[in-house]
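Here is a short briefing to read alongside the sequence and the structure. Take a moment to look them over, and then walk through the main features topic by topic.

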Amino acid sequence: MKKKIIILIILILIITSGVIAYLYFKQNEEGINELEKKIDTASRDYFEKYVSANDSANSYIVTLEDLEKANQNGENYDLKGLEKCHKTNTYASVTIDYKTGKAKKTQVELKC
């Protein structure tokens, strides 16, 4: 009888630990996705306003530092939550659609 109770308690602890770990990692991933969306949106807008699509590159790097400088010059990009990120190693690589000259897609790299 004691062995069954001990095994039951251990199983409950393992299941509880698993659920807590799952919820923690899910919440952490959602926070990262939110920061990536902020960089993505701001980088696309920055590209549209400040980069010429006539450049010969097929992609363009927009760093967190670029976005912060744009904010100092009057833009209003939402960079809240990115304060602890590295200014030059946190960036979005914006791929250009040559037909329209607009940003086609972005790939975000966070270094926080």
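**Briefing on the fold**

Just after helix 2, Gly 74 takes a positive phi of about 115 degrees. Keep in mind that this is a predicted model.

**Helix 2**

- Helix 2 spans residues 64-72, and its buried residues are Leu 64, Asp 66, Leu 67 and Ala 70.
- Viewed down the axis of helix 2, these buried residues stay within an arc of 160 degrees, so they line one face of the helix.
- Helix 1 (2-50) and strand 1 (59-63) are what the buried residues of helix 2 pack against.

**The nonpolar core**

- The largest nonpolar core holds 20 residues, and those with the most contacts inside it are Ile 39, Tyr 46, Leu 67, Tyr 77 and Leu 82.
- Two or more residues of this core come from each of helix 1, helix 2, strand 2 (91-97) and strand 3 (102-109).
- Helix 1 gives the most to this core, with 5 residues.
- Leaving aside residues up to four places away in sequence, Leu 82 touches Leu 35, Ile 39, Leu 64, Lys 87 and Leu 110.
- In soluble globular proteins, nonpolar side chains tend to be buried together.

- An open sheet is formed by 3 strands in the order 1-2-3, with antiparallel pairing.
- Strand 1 and strand 3 are the edge strands, each pairing on one side only.
- From one strand to the next, the twist averages 25 degrees.
- Strand 2 and strand 3 run antiparallel and are joined by 7 bridges.
- Tyr 91 has Glu 109 in strand 3 as its bridge partner.
- Helix 1 packs on the sheet, where it touches strand 1, strand 2 and strand 3, and its direction makes about 145 degrees with that of strand 3.

**The disulfide**

- The structure holds 1 disulfide, which joins Cys 85 to Cys 112 with an S to S distance of 1.8 Å.
- The link of Cys 85 and Cys 112 is right-handed, with 70 degrees about the S-S bond.
- This pair connects distant parts of the chain, 27 residues apart: Cys 85 lies in the loop between helix 2 and strand 2, and Cys 112 in the segment after strand 3.
- Are the two cysteines buried or exposed? Cys 85 is buried, with a relative accessible area of 4%, whereas Cys 112 counts as exposed at 60% relative accessibility.

Terms used:
Residues numbered from 1 in each chain as written. Predicted model: local features only at pLDDT ≥ 70, side-chain atom pairs only at ≥ 80, totals over all residues. Heavy atoms only, no water. Buried < 20%, exposed > 50% of the residue type's maximum accessible area, 1.4 Å probe, protein only. Helix = DSSP H or I, 4+ residues; strand = E, 2+ residues; numbered from the N terminus. Arc of directions from axis to C-beta. Contact = heavy atoms within 4.5 Å. Core = buried A, V, L, I, M, F, W, Y, C linked by side-chain atoms within 4.5 Å. Pairing = 2+ DSSP bridges. Axes fitted to C-alpha atoms, helices over the stretch in contact; angles between N-to-C directions. Disulfide = S-S within 2.5 Å.
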